[in-house]
Amino acid sequence: MRWPRGAPGGYNSFVSSVTPSIRVKVLFFGRLKEVAGGAEESVEVIPGSRIEDLFAGLIARRPELARYRGSLVASRNQEFAAWSTPLDSGDEIAFLPPVSGG
Amino acid sequence: MVTPPSGDIILLVHESIDADALVHHVCSGADGAIVTFDGCVRNQSHGRRTLYLDYEAYESMALAKMSEIATEVHAKFPIDRVAIAHRLGRLEIGETSVFIAVSAPHRAAAFEACRYAIDTLKRSVPIWKKEYFEDGAVWADGELPPVPQDTPARKRAS
């Protein structure tokens, strides 16, 4: 997917045809998978984007994700990661609700 | 399945967990104790009758986190081997969802390591449980895993 130009919420990491971009894989689990409408997608972001920016872009497309921002953690390449973590091309980013195994 | 060089076993399975095989695996002649934890599906949750559970995992990360737990229990406790298995998919009442076996020369370390392993698994391994009741289904309340602190913002080029 590509972020639409002028996405709401001040989100400025849209990708136009002339902006260099990187592509990351995004995974959703548990209830987030249901809210997001799928388990996996490929997303383009501009270089320098952080996990926070990626999630803001996802919210711009699916506003209902916003209410989960405070009750999920993110991972980058199978490691828990802070929201400020920068993205690299090919990263696998997952958004994880509270875990309930056992 | 991940089998670290230590001889530990880390496993996600979609069918019944073979607890006997795991106990047999961790047992050696140097051990004086094996402590196991068997987590099984309860028939109710907060007073509502449970019909069955459905577990899902971020499998690659779950295996990595379970391996980290095994490494940690070796570092913290004088144990011999540890086996950690979690089942995924639909589980009926009474079935085993998670099984942990720890062997050690002495019982205290085996008890403590087994307790540490299940407590840490429940807090930090990306596995989720959906509970099915007669009148609907809900994702179980869980715990938010600890996450590294935000790194300071990178300096901007001046």
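A residue is buried if 20 or more other C-beta atoms lie within 10 Å of its own, exposed if 12 or fewer, and partly exposed in between, with C-beta atoms placed from the backbone. The model is predicted, so local features need pLDDT of at least 70 and side-chain atom pairs count only at pLDDT 80 or more, while totals for chains, interfaces and linings use all residues. Residues are numbered from 1 along each chain as its sequence is written, and chains are lettered from A in the order in which they are written.

Q: How many of the residues of chain A count as buried?
A: Of the 102 residues in chain A, 36% count as buried. In chain B, buried residues make up 34% of 158.

Q: Why is helix α2 of chain A called mostly covered?
A: Eight of the 11 residues of α2(A), residues 51–61, are buried. They are A:I51, A:D53, A:L54, A:F55, A:A56, A:G57, A:L58 and A:A60. These buried residues pack against β1 (22–28), β2 (40–45), β3, β4 and β5 (92–96) of chain A.

Q: Why is B:S103 called buried?
A: B:S103 has 26 C-beta neighbours inside 10 Å, so B:S103 counts as buried. The residue lies in strand β7 of chain B.

Q: Which residues does B:S103 touch, leaving out those up to four places away in sequence?
A: Two residues are in contact if their C-beta atoms, placed from the backbone, lie within 7 Å. On that basis B:S103 touches residues including B:V26, B:C27, B:I34, B:D80 and B:A110. The C-alpha atoms of B:S103 and B:D80 are separated by 5.3 Å, although the two are 23 residues apart along the chain.

Q: Why does B:H46 count as exposed?
A: B:H46 has 7 C-beta neighbours inside 10 Å, so B:H46 counts as exposed. B:H46 is in the loop between β3 (44–45) and β4 of chain B. Its phi is near 50 degrees, a positive value in a residue other than glycine.

Q: How do you know that the span of α2(B) agrees with its number of residues?
A: The expected span of a helix is 1.5 Å times one less than its number of residues. For the 18 residues of α2(B) this gives 26 Å, and the end C-alpha atoms are 26 Å apart, so the two agree.

Q: Why are α2(B) and α3(B) called roughly antiparallel?
A: Axes are lines fitted to C-alpha atoms, for helices over the stretch in contact, and angles run from 0 to 180 degrees between N-to-C directions. Angles under 35 degrees count as roughly parallel, over 145 as roughly antiparallel, 65 to 115 as roughly perpendicular and the rest as oblique. The axes of α2(B) and α3(B) cross at roughly 150 degrees and come within 10 Å. The helices are therefore roughly antiparallel to each other.

Q: Which residues of α2(B) meet α3(B)?
A: B:K65, B:M66, B:I69, B:V73 and B:K76 of α2(B) meet residues of α3(B), among them B:A113, B:Y116 and B:L121.

Q: How many residues does each chain give to the contact between chains A and B?
A: Chain B gives 31 residues and chain A gives 21. On the chain B side, β4 (48–57), α2 (59–76), β7 (96–104), α3 (107–124) and β8 (127–133) each give two or more.

Terms used: Helix = DSSP H or I, 4+ residues; strand = E, 2+ residues; numbered from the N terminus.
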